[in-house]
Amino acid sequence: MKIGVVTFPGSLDDRDAQRAARYAGAEAVPLWHADADLHGVDAVVLPGGFSYGDYLRCGAIARFAKVMDTLVEQAHNGLPVLGICNGFQVLCESHLLPGALTRNQHLHFIHRDQPLRIANNRTAWTTAYDEGQVITVPVKNGEGRYVADPATLDALEANGQVIAYYQGNPNGSMRDIAGITNARGNVVGIMPHPEHAIEDLCGPGTDGLGFFTSIVKALVA
Amino acid sequence: MMDTVKNAQATPDEEMPYADLGLRDEEYASILELLGRRPTASELAMYSIMWSEHCSYKSSKVHLKQFSSIPKGNRMLVGMGENAGVVDVGEGLAVTFKVESHNHPSYVEPYQGAATGIGGIVRDILTMGARPVLVMDPLRFGDADHPDTLRVLPGIVAGIGGYGNCLGLPNVGGEVVFDPTYQGNPLVNALCLGVMPTDRIQLSAARGVGNVVVLLGAKTGRDGIGGVSVLASATFEEDGPANRPAVQVGDPFTEKLLIEACLEIFDAKLVEGIQDLGGAGLTCALTETSAAGKSGMVAHLDRVPLREATMDPTEILASESQERMLAIVTPDNLPKVLAIAEKWGVIATAIGEVVEGDRLQILWHGEAVVDVVPGSLADDGPVYHRPMQRPADLDSLQSQALPAYPEASAELLLQMVASPNLCSRRWVVEQYDRIVMGNSVLAWPEDAGVVRLSEETGLGIALATDGNGRYTRLDPFAGAQLALAEAYRNVAATGAVPIAVTDCLNFGSPEDPEVMWQFAEATRGLAEACAYLETPVTGGNVSFYNSTAGTPINPTPVVGVLGLFDDVARRTPMGFREQGATLLLLGDTADELGGSEWAWAMHRHLGGLPPRVDLAREKLLAEVLIAGSRDGMLDSAHDLSDGGLAQALVESCLDKGIGARVVLPAGLSPFVQLFSESAGRALVSVPRSEELRFTEMCSARGLPCTRLGVTDGTALAVQDVLTVGLDELRIAYEATLPALFG
């Protein structure tokens, strides 16, 4: 079982995502932005950070990395992909997920432990949770406000594509949306950081590990 | 025409603008003597930079010598003099850490000044061969409600966050202090710590004739010219900041790539020597590497990649453009270094080489514009024994009576916890990523930042910075010792063993004899206390000229103490964990409110004497706190400092929302017991099952231990004195900074 973690120039939470994959029992495989080869991984995490310094728009340059050509193609064929924070931004810029992430409404970077309500436990990355379960994972971003036009928001909610809502909105995200999935349920983007809640010693507990155990279970099945 | 060496020889009588560059008559005379001719414009710029207070430590050197005579112990691998000290932490690992000031740039341009403060200290740590793994930022501002604080604070906090977050370095601690003494001169100190295998330590010396001098990182621009010689080495006038172009502009993305490229280069053992470019830019890097290696060097300035093609040699030498490093590489390794740089998108350019002899020659399109012995810049600078004088007002300050003590009450407690220096720092720290890298065990609001170094063994470190300008104003010797004692206590409270120190000494103008006396007293106090506590000084920084319109800041030595954990899993947090645990006060409380937060917050009073220093007691307290952690006896431990017992109780209660029932012992008045700032104390909570074992350990070791009560309920209740619900306390504690800064 191999979970690839892409490193772009400016990726920061790539080692953390690798650690989370290992804690869930998978082999973590580092992937490099300039290498189009996914090296046979079974799933991919696009980690948090400031790829390309967040210059132009968050994720806007990373979307043109060589690795993304392969990734987008395979995601359309069902490859499980999880985008966390900057990774979520990259997924939106790549049009694998709808909407966009913009500057926080209060204009500050914010880092806090954030309660989330799981709204869809049927995706490749969320089966370990119960629907309606409240989990606490850290949120940390400057441009994490989820926005989309009303029709898109309505469709996301009607189709059950919102996977998690904020309990206490930290950044002004529309309809309290913290994470979404594509229609097929293999591509998930989430602004908070489940990979930073996988052990009691560092972080607010182990609530985030479920994203990684979910995918391991899905791939074994 | 270009002022070449040839031209300088041909025009010996040309007037040079040395005074405008901050050089004194006698300093210029020594330059003439060293060179045997007039300097070129570029040489003059280099001397003015290297002989500035900031680079040469010319006023502080004679006092800093005391730190070198502190016994080094068996852990220090590299001491003062390199870019940062290196300490062996076992398991084949070493850490390097240092705190530095970026005060004046942050006042002139808060965001960029603070951001590049982080960038600069991170490169100092990287230069040693280490991967930077955390930052901390001790900050001091004018009054919280002053309009200029509203100008500088949000920018400084955003700048620290903007740069540090983008580098992926957790910010695990620091300080935020308000006092009108810093009104025209905020203090922005930045600390970074890095980790490396002991065999990866890098030094700066350029050796080996034929080796190539490679400039890595950003292009060189006109930003930051005159940063150290003018901005950092002179005081502000009353009309406030000007000189904005002297502040550098940071690009954290480039720094992140530079870090990754350098670490890959270090791992492949491809460099012979390396030096970061910080204050003083290429001037400092070329000089320091060649001087340290006692080597000759030739550098071609026309090969330096520029942002603006019209820059002249003097500007290129003086530029403080950020995100640059200078590496010395063998010709064989050069292609490998260039390939790694290219992989990370870092510009790398061979700009010179190590040559025979002992001269540093800097060429511009083949013509020498600099020809000097590098040691004359790096080591032969002036050294001053500045006149010193005890401040004329110190006796009257120390003999001032304190305001009349009030009764302790719920109202007083609520006012105190809401006061700017005691209230919650959440508004600030939520703008920092405190967990990236996944190894942050403790961060704000804990006593110290605790970071895991090894996932396999749990090896880790604790780090705290402290400093109290009011105490140091009242007694510089004691004030510096109290700063060390508090940081030492904070580290020990988490359970870590304190092993080493870094310091940032923020003072007024060294040309003021009263400031120089404060500096001499503070360094003497700090050196003695470091020797006693067996925590050698590994390095640090002196920041002089922190004064506005002739008025110096309160002398503010900021001391960082590094502690070591064999296993961070045994760390002791500061918040109460369980209902029904026993509360114990360790140490003695005396009537000590001189320079206290109460006197300041309630009466704007600064007078009397600071709390008494008892280093033997600090050592004993630390031993007990560490033993308590090792044997798993402690639920929580919190050091007592600003705001005294009352503040410690509030913070320990609010952390997890667990209240306390306290009965104060007979003797001193409840007010004094709650708000006195006597040193050498800590508040601990101990599970009932461990109470006897712990108290017996205290009495066996001779540490006073007073039973205060139990953790209980959802209020803080001090019998016969006050009862306040935690919800009400939390509102008071949390509301202040958001109300001021949005």
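**Aromatic pairs and the A–B interface**

B:F141, B:F178, B:W427 and B:F741 form one aromatic cluster. The model is a predicted one.

**Exercise 1.** Classify the ring pair B:Y47 and B:W51, and state whether each residue is buried or exposed.

*Solution.*
1. The ring centres of B:Y47 and B:W51 are 5.2 Å apart, and pairing requires centres within 6.5 Å.
2. Their planes stand at 80 degrees, so the pair is edge-to-face, the cut-off for that class being over 60.
3. Buried means under 20% relative accessible area. B:Y47 has 1% and is therefore buried; B:W51, also at 1%, counts as buried.

**Exercise 2.** Describe the pair B:F507 and B:F519 and locate both residues.

*Solution.*
1. The centre-to-centre distance is 5.1 Å and the planes make 80 degrees, an edge-to-face pair.
2. B:F507 sits in the loop between strand 17 (497-506) and helix 20 (513-533) of chain B, while B:F519 belongs to helix 20, so the pair ties together parts 12 residues apart in sequence.
3. Both B:F507 and B:F519 are buried.

**Exercise 3.** Characterise the interface of chain A and chain B.

*Solution.*
1. Chain A contributes 28 residues to the contact and chain B 32 residues.
2. Together the chains bury about 2,400 Å², 56% of it on carbon and sulfur atoms. On the chain A side, A:L12, A:H111 and A:L201 lose the most area to chain B, together 26% of what that side buries.
3. The rule finds 5 salt bridges across the interface. One of them joins B:E455 and A:R19, with the closest N and O atoms 2.9 Å apart.
4. There are also 12 residue pairs in polar contact (both at pLDDT 80 or more).

Note on methods
Residues numbered from 1 in each chain as written. Chains lettered and ligands numbered in written order. Predicted model: local features only at pLDDT ≥ 70, side-chain atom pairs only at ≥ 80, totals over all residues. Heavy atoms only, no water. Contact = heavy atoms within 4.5 Å. Buried area = accessible area lost by both parts, 1.4 Å probe. Salt bridge = Lys/Arg side-chain N within 4 Å of Asp/Glu carboxyl O. Polar contact = N/O pair within 3.5 Å; in protein donor to acceptor, adjacent residues only side chain to side chain. Phe/Tyr/Trp six-rings, centres within 6.5 Å; stacked < 30°, edge-to-face > 60°. Buried < 20%, exposed > 50% of the residue type's maximum accessible area, 1.4 Å probe, protein only. Helix = DSSP H or I, 4+ residues; strand = E, 2+ residues; numbered from the N terminus.
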